[in-house]
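Please look through the sequence and the structure shown below before reading on.

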Amino acid sequence: MVGGADNGAVSVWDVLVGQAPVVEALAAATAAGVNEAGGLVAARTAMTHSWLFTGPTGAGRTTAARAFAAALNCESIPPGCGECAGCHTVLTDTAADLRTVRPEGLSLGVKDVRELVRDAASAPTSGRWRILLLEDADRLTDQAANALLKALEEPAQRSVFLLCAPSVDDVLPTIRSRCRVVALRLPRPSDVADALARAGVEDAAARLAAAASQGDLDRARLLATDEAARARRAEVLRIPTRLRRTGDCLGAAADLVNAANADADAANTIRDEVETEALKTALGVGATSAGSTAKRARAVKPGAKGRAMTVRGAAGALKELEKTQKSRGRRTVLDSLDRALVDLAGWYRDVLVLQLGAPVDAIHPDHHELAGQLARVSTPEQTLRRLEAVLACRRRLADNPGLVPLLTVEALTLALRAG
Ligand SMILES: [Zn+2]
């Protein structure tokens, strides 16, 4: 058997919850990769230089890619022990032969990809394979995608690219056609609940978090362990019953966006400050307090021509950093809003299930009474329209990151009221 949870042994595959077919395929490819690196080329067909891990948010595509990376450079037999230096350094992102690129903002530019491609050209230093892990390959700019494509077309002998994206349609067809696709699915709530219970979460709480997360394991973990996350979800699920007047709709939208902004501040403020101060020290601009750092750098009066060049260079670097930080902040806001919209969609789905008397489990069983109230005073057609409105709002925000979130969410809450 693959893994080893049943006999108490640990393996890198254990973290892949409810993904048995994927684990089987990756373990087979790993074994082939070990043989290939050892000079046994019989199994070459099973090992490929480019992989594309797909699956919805929460299915664990990056987790799967990282487990595979660890197994490829594992020192044990069968590979993937999770404990040797090869596994450990990959799992903690400290392996010399692993480069991870994780776009923090809304897109992944050509500069990051060029570095990745340069790395891919050199032989591994200690492991069997040099591994290039690209999270969120769907955020590649066209220029970056083309730079990557060249490396995929002519792979170095001991290099493996592991790309991650929500679906195959999120990367260029030319990239997709070079990759072997590993399709992850959202685990069943029962698989998620079992995983939480194994991690020590009490049974009822594990089941509730598993249902409410709709298969997103990270979200389930958060809901099971974080009181603030549970409170946020409860706030979101109260929204449908708040929308009586136009003012209620605008208020609910403002609450949603403010909460998302607060999430972004909590996640990024300190990090932004540390980064800015570090860059200013490196550039010799000098520490200053609040306000726009790029503007301040530009405001410095140069005493000589050479000095003016330096100051302009520093201003440019600081401006670039501000741009990156702004993009990262915006992504955090959109991610947070998206989580709220997923909760809301699940809630309308529960209302619809009640109205139709469908024999399926609720996503938010702890808010069943509230869903029952709305189910009695509205029609299934109205509920379906509202569910569609939530999903359309998600798509709109995902496809147009330039939209003003507040206006988009206001349009949604007004549509939910109108039904
Ligand atoms: Zn190992």
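A search of the whole structure finds zero disulfides, a disulfide being a pair of cysteine sulfur atoms within 2.5 Å. The model is predicted, and local features need a pLDDT of at least 70, side-chain atom pairs count only at pLDDT 80 or more, and totals for chains, interfaces and linings use all residues. Residues are numbered from 1 along each chain as its sequence is written, and side-chain values use heavy atoms, with hydrogens and water left out.

**The zinc site**

What do the cysteines around the zinc ion do? The SG atoms of Cys74, Cys81, Cys84 and Cys87 are the protein donors of the zinc ion, lying 2.3 Å from it, where donors are N, O and S atoms within 2.8 Å of the metal (3.2 Å for Na, K and Ca), and water is not among the atoms, so sites may look incomplete. Along the chain these donors follow the spacing C-x6-C-x2-C-x2-C. The arrangement is tetrahedral because the four donor atoms subtend angles of 103 to 119° around the zinc ion; four donors count as tetrahedral if all angles lie between 85 and 135 degrees. Cys74 and Cys81 are both buried, a word that means under 20% relative accessible area, while exposed means over 50% and partly exposed lies in between (1.4 Å probe, protein chains only). Cys84 also counts as buried, because its relative accessibility is 12%.

Arg128 lies in the loop between helix H4 (110-120) and strand S3, and helices (H or I, at least four residues) and strands (E, at least two) are DSSP runs, numbered from the N terminus. The C-alpha atoms of Arg128 and Gly33 are separated by 8.6 Å, although these residues are 95 apart along the chain.

**Backbone details**

Most residues other than glycine have a negative phi, and most peptide bonds are trans. A cis peptide bond, with omega about -5°, joins Ile77 and Pro78, and Pro78 is found in the loop between helix H2 (61-72) and helix H3 (85-91). Asp93 lies in the loop between H3 and strand S2 (98-101), and Asp136 lies in the loop between strand S3 (130-134) and helix H5 (142-153). The table gives the phi values of these two aspartates, which are positive.

| Residue | Phi |
|---|---|
| Asp93 | near 60° |
| Asp136 | near 55° |

Are these residues buried or partly exposed? Asp93 counts as partly exposed because its relative accessibility is 31%, whereas Asp136 is buried, with a relative accessible area of 12%.

**Helix H10 and the whole chain**

Helix H10 (residues 227-242) has 16 residues and reaches 23 Å from its first C-alpha to its last, close to the 22 Å expected at 1.5 Å a residue, the expected span being 1.5 Å times one less than the number of residues. Its buried residues include Ala229, Arg233, Val236 and Pro240.

In the protein chain there are 16 helices and five strands, and buried residues make up 44% of its 419 residues.

How values were computed:
Tetrahedral: all angles 85-135°; square planar, octahedral: opposite > 155°, others 65-115°.
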